Every structure is written in structure tokens, then in C-alpha cells.
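Subject: Structure handover

Hi,

Here is the structure I promised to pass on to you. Please have it open while you read the notes below it.

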Amino acid sequence: MIAAALDGRNEAVISFAGRSSLLYKQVEEQEDIFGEMLKTVTDNAVSVSVKNVRYCQMYNMVMIIIYVVVSVVAVMIVNHTVARPARKASAQLGSIIEKIDNNEGDLTERIEVKTQDEVGRLVQGINAFIEKLESIMKTICILGSTGVKTGTISSTMVCIAFCDNSTIL
């Protein structure tokens with residue numbers, strides 16, 4: 001092209017300049033179109049990403065609510081099946097022990113067994129212990145009322161605490 005211009009062929013140079021100018025404009029138009037397409041694709045991708053994030057947030061919120069509800073229900077079930085019976089048994093045992101401490105104890109009194117689980121078995125064991133203690137105290141009362149020496153235990157005091165009034169000497 002430079003040689004053509006030197007030879008006086010200005011028309012070829014002008015024609016080349018016109019075509020290159022046209023090509024430059026077409027490239028610019030294509031760049032603009034590509035930029036718009038890229039912006040559209042980017043905006044769509046961002047929009048989809050935002051929707052996905054919102055979906056994940058909603059999903060997580062629902063899962064947290066479900067977890068809280070299940071946890072509350074589980075706590076209520078444990079409270080109803082384990083803690084409440086254990087508290088009631090403990091209160092009854094405390095009452096029995098307090099009466100015994102105040103010499104008002106009734107060893108025929110038992111703790112009510114409502115369940116057959118670990119708490120129920122524990123209550124049954126306590127009841128068996130009280131029953132054995134009642135048997136021992138009756139034996140001591142009988143021995144005391146017949147005049148048998150019971151060591152340092154005063155048979156009169158034992159009978160006052162644990163026997164009916166007819167066995168007191």
C-alpha cells in the first residue's frame with residue numbers, strides 16, 4: 001500500500017483507509033454488542049445467584065424452625081417421662097424421710113410406682129428397702145416387747161417410733 005501511494009495511487013490508499021475505518025466501526029459495534037451481552041449474562045447470573053442465596057436462606061430458616069420445634073417436643077417428652085416421675089418419687093421419698101426424722105414415720109408407706117423404666121425400677125428398689133427396714137423394725141419391736149436385750153437401742157423408744165401402742169412395755 002505504501003508502494004502504491006508512492007507510485008501515485010492515492011485512490012488505493014483512500015480506499016484502504018475507508019475500508020479500515022469501516023472495519024474499525026464494525027469492531028466497535030461488535031464490542032458494544034458483546035459488552036451488552038456480557039452485561040446481560042452477568043446480570044442474569046447475579047439474579048440467579050441472589051435467588052439461590054434467598055432460597056438457601058429460606059431453607060435454612062425452615063430447618064432451624066423444625067429443629068427448634070423438634071427440640072422443644074423432645075424436651076417436653078423427656079420432662080414428662082423421666083424428670084416429672086423422678087421429681088414426684090423424690091418428693092414422696094423426702095416426705096417419708098422427713099416423717100421418720102421427726103419420729104412420725106410410717107414404714108408401711110410406699111412410693112407410688114407409675115413407670116417400669118429406670119425411674120420405676122429405682123422407686124421399686126427404694127420401696128423394697130423401706131419394706132426391709134419395716135421388717136427389721138418390727139423384729140426389734142417384738143424382741144423389745146418380750147424383754148430381749150437389743151444392745152444400746154431402747155426397746156421402748158423403738159416401739160414408740162415404729163410399733164403400734166399395744167406393744168409398748
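Below is what I found, from the overall fold down to individual side chains.

First, the ground rules. This is a predicted model, with residues numbered from 1 along each chain as its sequence is written. Local features need pLDDT of at least 70 and side-chain atom pairs count only at pLDDT 80 or more, while totals for chains, interfaces and linings use all residues; side-chain values use heavy atoms, with hydrogens and water left out.

**Confidence**

pLDDT is the predictor's confidence in each residue, from 0 to 100. Its mean over the chain is 79, and 74% of the residues reach 70 or more. Among the elements, helix α2 has the highest mean at 87, whereas α1 (residues 2–6) has the lowest at 51. Please note residues 165–169 too: pLDDT stays under 50 there, and the model has eight contacts for them beyond four places in sequence. A contact here means heavy atoms within 4.5 Å.

**Overall fold**

The chain has four helices and zero strands, giving the pattern α-α-α-α along the sequence. Helices (H or I, at least four residues) and strands (E, at least two) are DSSP runs, numbered from the N terminus. Of the contacts between residues at least 6 apart in sequence, 32% join residues at least 24 apart.

The accessible surface is about 13,200 Å², and carbon and sulfur atoms account for 65% of that; the areas come from the Shrake-Rupley method with a 1.4 Å probe, and for residues only the protein chains shown count as cover. Of the 169 residues, 13% are buried. Buried means under 20% relative accessible area, exposed over 50%, and partly exposed in between (1.4 Å probe, protein chains only).

**The nonpolar core**

Which residues form the largest nonpolar core? There are nine: Ala 89, Ile 96, Leu 107, Ile 111, Val 119, Val 123, Ile 130, Met 137 and Ile 140.

Leaving aside neighbours within four places in sequence, Ile 130 is in contact with Ile 96, Leu 107, Glu 109 and Arg 110.

**Salt bridges**

The structure holds five salt bridges, each a side-chain nitrogen of Lys or Arg within 4 Å of a carboxyl oxygen of Asp or Glu.

Glu 109 pairs with Lys 99, with the closest N and O atoms 3.5 Å apart. This bridge links the loop between α2 and α3, which holds Glu 109, to Lys 99 in helix α2, 10 residues apart. Both partners are partly exposed, Glu 109 at 25% relative accessible area and Lys 99 at 30%.

Arg 110 meets Glu 134 in another salt bridge, at 2.7 Å from N to O. Arg 110 lies in the loop between α2 and α3 and Glu 134 in helix α3, 24 residues apart. Arg 110 is partly exposed at 28%, but Glu 134 counts as buried at 12% relative accessibility.

Glu 134 also bridges to Lys 138 (3.3 Å, N to O). These two are four residues apart in helix α3, so about one helical turn separates them. Lys 138 is partly exposed, at 47%. Through shared partners, Arg 110, Glu 134 and Lys 138 join into one network.

Happy browsing!

Notes:
Core = buried A, V, L, I, M, F, W, Y, C linked by side-chain atoms within 4.5 Å.
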